[in-house]
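Q: Can you walk me through this one? I would like to go step by step.

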Amino acid sequence: MATPTSPSRSADATRRWLDPAFFDFWATRFNPLWTWAQPRARLVERRAEGEGAVTLVLRPNRHWRGVGPGQHIELGVQIGGRWLRRHYSPSVTSGGCFEITVKHAAEGRVSPYLARDAQIGEVFELGQGFGDFAWPAGTSPITLLAAGSGITPMRALLRAEAARGFDRDVSLLYWVRRAEDACFTAELRAMADAHPRLSVRLWVTGEGAPRVDALTQAQWPATDTHVLACGPGGFVQAARQRAEGQVASFQAEAFSTPVVTAAEEGEVDVHLARSGRTLRLPRGLSLLEGLEAHGLKPRHGCRMGICNTCVCQRQSGATRHLLSGQHHDEPAAPVRLCVAAPTTDLILEL
Amino acid sequence: MTRPANRVLSTTELQAFGDELDALRRRVTADLGPSDARYIRRVVASVRWTGVAGRALLFLGAFVPVLLWPAWIAGTLLLGLSKILENMELGHNVMHGQYDWMGDAQLQGSTYEWDIVATADNWRKTHNFRHHTYTNVRGMDDDIGYGLLRIFPEQRWKPFYLLQPVIAVVFALMFQWGVAIQDLRIGRWLHGKMTAAQLWRTTQPVARKITRQLVKDYVFFPLLAGPFFLPVLLGNLVANGMRNVWTYVVIFCGHFTADAEVFPKESIRNESRGHWYLRQLRGSSNLAGGPVIDVLTGNLSHQIEHHFYPDLPANRYAAIAREVREICVRYGQHYNTGSLPRQFGQVMWRILRHAFPSRAPAPQPLVQGA
């Protein structure tokens with residue numbers, strides 16, 4: 001989730017007199033990037049990247065504060081009248097732009113749209129950089145474990161390290177299902193050729209390569225190594241188990257789309273992002289009833305899904321609408337607590 | 001006055017009635033998409049353009065004195081139109097969460113702030129929750145006469161109500177102020193049920209909003225016109241007044257026509273969805289008039305549909321209305337609609353008639369066994 005900007009006192013005072021929506025409406029008639037506070041970016045270039053992937057070059061407006069190597073951003077794309085928001089790992093390029101790489105065959109609605117349909121000049125909403133990958137201090141070796149799209153933050157970290165000249169041993173282990181799925185292979189090989197302390201190894205599981213938890217002791221890094229892993233939830237979990245007690249430190253970031261189940265029984269973990277609490281809530285009750293059973297008193301009104309008082313942001317996870325029975329898993333979308341039951345683990349803006 | 005015949009529904013019929021209306025909601029929700037998004041964006045653009053054009057015309061007179069009156073009249077009308085659109089078709093509807101599904105940060109029901117002296121937060125409470133959940137339930141829906149007027153014979157008569165033909169006119173002219181103070185519950189303070197400190201606290205956000213609105217319309221824009229200060233100020237005053245009277249007329253036509261009913265508190269105990277729909281139907285009335293009336297009333301011309309589906313985009317109500325009406329007819333329920341003069345005539349009659357003591361007709365049950 002993008003970190004909200006903390007407005008200063010003077011910005012607060014200005015906002016009281018100047019409606020940002022008013023400013024944005026008129027300023028964006030002249031230039032769609034001229035907003036009062038909202039970071040936005042314009043698509044300026046697209047180029048093919050390996051098999052079935054496209055790199056998009058985006059120019060942000062002045063409200064964007066940039067990203068550190070390995071960080072992510074939230075990108076908002078308007079499709080079919082709706083703003084859909086997804087996380088990407090950008091690489092900052094020269095000239096104040098940044099790049100993201102997306103695949104044609106990616107699941108979901110946003111990446112295929114970006115890969116195929118997004119037009120040069122199109123404007124996207126942007127979130128500030130977030131993510132906790134920290135390049136470990138010291139000189140002990142570092143191993144990066146990446147699977148699928150998990151390569152993008154690793155590439156950004158390696159680029160930053162290449163600029164400093166690799167003062168320690170770094171190895172990248174990169175898993176893909178098919179060899180043609182691999183991204184940035186030419187760039188990574190060139191980087192490894194230029195820097196003798198960097199090694200890059202591609203594991204193609206479709207061709208019989210071992211999965212991360214099946215690596216032999218010889219293939220696995222030494223015990224003084226710092227490990228950073230990024231990939232789907234299952235991959236990161238397997239890497240974490242394999243690394244347990246075997247390495248100097250372990251950092252991981254997982255991305256995964258929730259597996260929607262039709263189950264209406266059992267319990268899920270609901271994390272409340274503002275208060276920092278995590279609660280076990282039953283799938284069979286509305287979120288409002290579930291939270292109240294834990295003694296919480298979320299703001300609410302009609303308890304029947306019409307007054308919108310209990311609406312709050314569902315950052316991730318899936319919910320079931322109790323009246324229509326429909327499942328909703330769009331991240332960063334509003335949900336009414338009184339008529340929504342959780343179906344997967346959730347993060348709520350509460 | 002004779003009441004329209006409504007078939008008294010059995011429990012099974014009531015359930016089926018609610019199910020059909022729920023199914024209609026599902027169909028519309030599943031179909032929301034680009035055309036709805038385009039619609040509300042067009043409304044936003046209309047508000048902005050008419051607003052700027054209206055204010056520009058008001059200034060025009062300062063530089064071209066011969067155009068003073070024509071420009072002043074056109075400017076005031078356009079600014080009034082802009083304020084009406086912003087208030088009704090944009091603000092009211094967005095604050096219901098009708099366009100939340102678009103994920104547009106500036107069109108979110110929980111954060112939108114509108115261009116009137118009342119704060120959006122108070123409105124969300126008094127209107128979205130109380131009025132829409134407990135529509136026309138005595139003692140729960142403050143919108144029944146707004147604590148000032150006796151609209152229904154079921155309200156107990158007091159000599160104070162003899163003044164209401166005059167009070168109603170003042171209220172119409174000052175309507176946004178009435179909305180602004182509705183949630184402050186000054187009456188509770190007058191009756192000693194709230195301390196002055198409590199009232200002071202709840203007043204603060206309203207006072208800030210009022211200051212902002214007053215400075216904008218009566219200081220900032222008039223000062224921009226320099227020596228032409230006074231005509232601009234008057235133009236803004238008249239535009240705000242137009243909006244006050246128009247919103248008052250539309251809102252009163254929504255629930256206070258001759259056939260609109262009020263309900264006792266007991267009626268909503270363990271209320272089913274079907275019963276809730278039925279109560280919304282019997283307490284609401286539409287305005288027949290077509291697309292222009294629809295836009296100018298923020299689609300509250302489809303008050304019945306709005307009360308069934310307050311969170312569905314208002315641009316859908318006209319289409320939904322055909323199906324709703326058909327369902328209501330099939331279940332033998334009166335569908336209260338009529339032209340604006342007819343409906344408002346009935347409202348004015350109620351205000352005049354119930355200024356004097358009047359007796360409530362025998363209550364009509366909504367469902368069998370009730």
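Predicted model: local features only at pLDDT ≥ 70, side-chain atom pairs only at ≥ 80, totals over all residues.

A: Residues are numbered from 1 along each chain as its sequence is written, and chains are lettered from A and ligands numbered from 1 in the order in which they are written.

Q: Which domains is chain A divided into?
A: Domain 1 (9-126), domain 2 (142-255) and domain 3 (267-348), with bounds from an automatic or database domain assignment.

Q: What separates the centres of domain 2 and domain 3 of chain A?
A: Taken over C-alpha atoms, 37 Å.

Q: What is the order of the open sheet in chain A?
A: The five strands run β10-β9-β8-β11-β12, with parallel pairing. Strands are DSSP runs of E, at least two residues, and helices are runs of H or I, at least four, numbered from the N terminus; two strands pair if DSSP finds at least two bridges between them.

Q: Which strands stand at the edges?
A: β10 (198-204) and β12 (249-255) of chain A; each has a single partner strand, so one side of each lacks a neighbour in the sheet.

Q: How many bridges join β9 to β10 in chain A?
A: Seven. In one of them, A:Y174 has A:L202 of β10(A) as its bridge partner.

Q: New topic. How many residues does each chain give to the contact?
A: Chain B gives 27 residues and chain A gives 20 residues, where contact means C-beta atoms, placed from the backbone, within 7 Å.

Methods
Contact = placed C-beta atoms within 7 Å.
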